[in-house]
Amino acid sequence: MLPATSVLGTVSQAVPAAMSHVHLCGVTNWCDESCDDSCRLVTNLLASPPGITVQLVVQLYSSLVPFIHSSYTKIMGILASRGIEYEDSYRSFSEKERQQLLSLFERLATENEHGIMKIEFEPFKEHVAWLLPEPITIRFFKEMDKIQQARRALKNPLPSGQVAKVAFFVSMSHVFKQSREEKAHIFYYLSADVDQVVTSVEVEDLCKILLECYVTALKKTILGSKWKLMTNPEANHRFAKNAVKDLLGKKADPSCVALEEFLPWFNKFPIIENLFLAVMRACFLDVESLVEEQPHGLVEGCEETVAHVQYDRSHIMMPCKFEADFDKIDPLLEVPSIIMINHHLPAALQHQWRLLFSTQIHGESFSSFIHQISNQGPVLIVVRDTNGGIFGGFASESWTIKSHFVGDSHCFLFSVKPTMGVYQPTGYNENYMYLNMGMQTMPNGLGMGGQLNYFGLWLDENFGSGHSRGQPSCTTYGSPQLSSEEEFKIDRLEAWGVGVPPENLLEKKSVLDTEVEAKAFLEVMGKKIHSEGYREPADID
């Protein structure tokens, strides 16, 4: 048997380590069942009177020897894994982002009695109050606090409601840098309080809140403050309904939704993930990053070159260039509609929108409309009918007068009001785009999808009339009837060129100047060409 003094000396060193374990056992829940007796013995020892017996010490020592070894191994393993996680989280950010987050932490944190810097709820709430409503702020801070509680340092652990730098960086990494699954989980927990069942109603409400936050943040940017682009509760509601429809699938609305349903939803409808990340970036990184003029590798910013669009700007939902005089037009599309439509454009076209035609500026003239959109590259057409319905189509190729359908599978139709949706090609046929003028034997006007005289979207050459056939759906795009009534009257019309403009825009020409095939066809038919009938004055603005 060991001498009593040796045993006491060993126990005097062992007890602090054992007590660290006892404390850790109560706050991390990682102990296994084999440590229970040792924890109890240490507790009994500390509760014993000063006249402790050697037998009790020997019993304690015998029990603690294997425990101390395993406990030390576990503790070192936990510390190592925490250190690795922090390093991984820290390194996942760019140098600029690290400095932004470090600066933010230092502004919000205060020092406790042990010299540990920590963020508490009130300073955190004050920092995000300009953007996030308090219920979302409370839920987000609780998620940060959970990470803190699960990753407490062994020395000077922080109580609940305080977040140290390691947990702060790990939390930010979970939001910005971890997998889509991690982001989907965070979104789920932000949808409702912990003790509340999450239904499609709560998810829809969060989508609407994030849209409001995004528009608020957008107006804070240098570029966004110049754009007369707005949203309203009705537009937010349509957007959220369209998003939740993909989450529910065949389930009724409202229905309960489970955590595991959110990752497939994010995969199918990534706009929600991008919207969530944009709001988080505005809160914790840099509000200007919502539109980023200079993320393309060019110091000069977003220039009209093809090379710069190679940059991955998937996290930027709005174009970084809007070429339009917002003092002269009131755009038909609100921010939610722009986000949705821009997301469905080819990536190389999402950075720039330029107004080509608006009835508010150019008047109600079909020839003016065609003159403005011809040979302009890909174009978005937006219609509002006299019943208030808003809808349109995206043409992936330049509009040119042809006697047959053109285009490719990047074209789509969309509706904005009364419901929101994007309708992609079905593959049934290739009747994507049609434009014709001045022919007696062919339909004269602009059409997309369906077939001659039965288009998914049709604007007649006699400006002001159109139709949208969708019974039961457009064969080309699978779209329903887009307009309020099958035959509609145009209230307003807009056209936007998207992406890098074609090089030939430096010299605008008449449709008949550029369309040799159309001119020749008119001549063959014996029609005298009065190009001024189709040509607008050189300066129509």
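This is a predicted model: local features need pLDDT of at least 70, side-chain atom pairs count only at pLDDT 80 or more; totals for chains, interfaces and linings use all residues.
Residues are numbered from 1 along each chain as its sequence is written, and side-chain values use heavy atoms, with hydrogens and water left out. The protein has 17 helices and 14 strands; these are DSSP runs numbered from the N terminus, with helices being H or I of at least four residues and strands E of at least two. Of the 541 residues, 50% count as buried. Buried means under 20% relative accessible area, exposed over 50%, and partly exposed in between, using a 1.4 Å probe and protein chains only.

- Helix α7 covers residues 165-176, and its twelve residues should span 16 Å at 1.5 Å a residue; the end C-alpha atoms are 16 Å apart, which agrees. The expected span is 1.5 Å times one less than the number of residues.
- Ten of the twelve α7 residues are buried, so this helix is largely enclosed by the rest of the structure. The buried stretch runs through Ala 167, Phe 168, Phe 169, Val 170, Ser 171, Met 172, Ser 173, His 174, Val 175 and Phe 176.
- α7 packs against α8 (residues 180-191) at an angle of about 105 degrees, and their axes are 7 Å apart. That makes the two roughly perpendicular. For the bookkeeping, axes are lines fitted to C-alpha atoms, for helices over the stretch in contact, and angles run from 0 to 180 degrees between N-to-C directions; under 35 degrees counts as roughly parallel, over 145 as roughly antiparallel, 65 to 115 as roughly perpendicular and the rest as oblique.
- On the α7 side, His 174, Val 175 and Phe 176 meet Glu 182, Lys 183 and Ile 186 of α8. The residues of this contact split into three nonpolar, one polar and two charged. Here Ala, Val, Leu, Ile, Met, Phe, Trp, Tyr, Cys and Pro count as nonpolar, Asp, Glu, Lys and Arg as charged, and the others, Gly among them, as polar.
- α8 should also span 16 Å with its twelve residues, and its end C-alpha atoms are 17 Å apart, which agrees.
- Lys 183, Ala 184, Ile 186, Phe 187, Tyr 188, Leu 190 and Ser 191 are the buried residues of α8. Their cover includes α6, α7, α9 (200-220), α11 and α12 (271-284).

**Helix α10 against α13**

- α10 (residues 233-248) and α13 (residues 335-344) pack at about 35 degrees, with axes 8 Å apart.
- Ala 235, Asn 236, Phe 239 and Asn 242 of α10 make the contact with Pro 336, Ile 339 and Met 340 of α13. By class, that is five nonpolar, two polar and no charged.

**Salt bridges**

- The count is 23 salt bridges, each a side-chain nitrogen of Lys or Arg within 4 Å of a carboxyl oxygen of Asp or Glu.
- Lys 146 pairs with Glu 143, with the closest N and O atoms 3.1 Å apart. Both sit in α6 (residues 134-150), three residues apart, about one turn of the helix. Lys 146 is partly exposed at 41% relative accessibility, while Glu 143 is buried at 17%.
- Asp 246 and Lys 268 meet at 3.7 Å, N to O. Asp 246 lies in α10 and Lys 268 in α11 (residues 262-268), so the pair ties together parts that are 22 residues apart in sequence. Asp 246 is partly exposed at 23%, and Lys 268 is exposed at 57%.
- Lys 251 bridges to Glu 261 at 3.0 Å between the closest N and O atoms.
- Glu 204, Asp 205, Lys 208, Lys 241 and Asp 253 are linked in a salt-bridge network.

- Most residues other than glycine have a negative phi, and most peptide bonds are trans.
- The bond from Lys 417 to Pro 418 is cis, with omega near 15 degrees; Pro 418 lies in the loop between β8 (412-417) and β9 (421-423).
- Gln 471 and Pro 472 are also joined by a cis peptide bond, with omega about 0 degrees.
- Asn 453 has a positive phi of about 70 degrees and is exposed at 52% relative accessibility.

Methods: Contact means heavy atoms within 4.5 Å.
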